Amino acid sequence: PSGGHGWSFKLSYYNEYKSYLSFNMSSKAGPRAEGTDGSDWKHREKRRRIKEATNVAYQYIVSVKYKNAMKRTVLYHGILGTAIIVTSFLCGLNALYSWQVLWMLGIPGCLFGFKGICKNSITQINIYKFLLSAVSVPAIIWGIVATLGYIPHQPIYTFLNLPQPKLYMMPASDFVIYFLGGTTLMSHIFSIVAIGRLASAWDTTTRKPKSN
């Protein structure tokens with residue numbers, strides 16, 4: 001087109017382009033109150049991004065906090081478990097009570113817990129959480145309640161057809177049992193709670209941001 005027709009075409013094209021921009025901005029802003037032109041979309045988008053960034057930063061702080069704390073509880077679990085395993089080999093398996101053997105079955109979970117913390121693996125720490133909940137915590141509670149005299153210790157040799165030991169692998173003082181049992185139980189419970197917090201934090205920090 002040329003002359004007046006050319007300018008008419010350009011003006012029509014410009015009006016259509018303005019209409020497209022206005023529609024695009026409105027769609028990004030979403031529903032708005034009557035009388036607004038959608039010019040506050042950038043401000044609201046900025047606020048949304050700041051809120052998301054703040055939430056991710058907070059979850060990152062939570063992750064670091066509980067990871068450092070869990071390293072100590074997993075290490076404590078591993079060291080105590082190794083000491084009990086070595087002692088059980090020296091004293092003999094028949095010197096153990098059933099709840100002690102049950103607790104020892106949860107010791108390999110330390111490997112899953114430590115590996116999960118180092119690699120931020122939700123699957124690994126959930127395996128550790130399962131072993132703590134299903135094996136370690138019930139065993140410790142059984143041991144404490146049995147030491148108090150409410151339920152039997154149940155020696156393991158009666159199940160495995162082993163000779164009766166002359167001495168069981170237990171501290172001479174009940175106070176030591178209560179102390180070790182109490183600290184270990186609290187350590188396990190804290191680990192279970194920490195795993196829940198870590199799983200939530202990792203899910204937030206690894207989630208892909210929503211596309212505009």
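## Buried, exposed and in touch

Guide: In this predicted model, S88 is in contact with L93, L96, M104 and M169, leaving aside its neighbours within four places in sequence.

Visitor: Where is S88 placed?

Guide: You will find S88 in helix 2, which covers residues 41–91.

Visitor: Why does S88 count as buried?

Guide: Its relative accessibility is 7%, and buried means under 20%, so S88 counts as buried.

Visitor: What makes the pair of S88 and I85 a polar contact?

Guide: A polar atom of the S88 side chain lies 2.6 Å from the backbone oxygen of I85.

Visitor: Let us turn to F159. Why is F159 called exposed?

Guide: F159 has 54% relative accessibility. Exposed means over 50%, so F159 counts as exposed. Its place is in helix 6, residues 157–160.

Visitor: Which residues make the nonpolar surface patch?

Guide: The patch is made by L93, F159, L160 and L162, and its area is about 360 Å².

Visitor: And I117, how do you know whether I117 is buried or exposed?

Guide: I117, in helix 4 (residues 109–119), has a relative accessible area of 1%. Since buried means under 20%, I117 is buried.

Visitor: What does I117 touch, not counting residues up to four places away in sequence?

Guide: I117 touches K67, M70, K71, V74, I125 and W202. Take K67: I117 and K67 are 50 residues apart in sequence, and their C-alpha atoms are 6.2 Å apart in space.

Key
Residues are numbered from 1 along each chain as its sequence is written. This is a predicted model: local features need pLDDT of at least 70, side-chain atom pairs count only at pLDDT 80 or more; totals for chains, interfaces and linings use all residues. Side-chain values use heavy atoms; hydrogens and water are left out. Helices (H or I, at least four residues) and strands (E, at least two) are DSSP runs, numbered from the N terminus. Buried means under 20% relative accessible area, exposed over 50%, partly exposed in between (1.4 Å probe, protein chains only). Contact means heavy atoms within 4.5 Å. Patches are made of residues with over 30% relative accessible area and no salt bridge: like charges are joined within 9 Å, nonpolar side chains (Val, Leu, Ile, Met, Phe, Trp, Tyr) within 5 Å. Accessible areas come from the Shrake-Rupley method with a 1.4 Å probe; for residues, only the protein chains shown count as cover. A salt bridge is a side-chain nitrogen of Lys or Arg within 4 Å of a carboxyl oxygen of Asp or Glu. A polar contact is a pair of N or O atoms within 3.5 Å; within protein, one must be able to donate a hydrogen and the other to accept it, and residues adjacent in sequence count only if both atoms are side-chain atoms.
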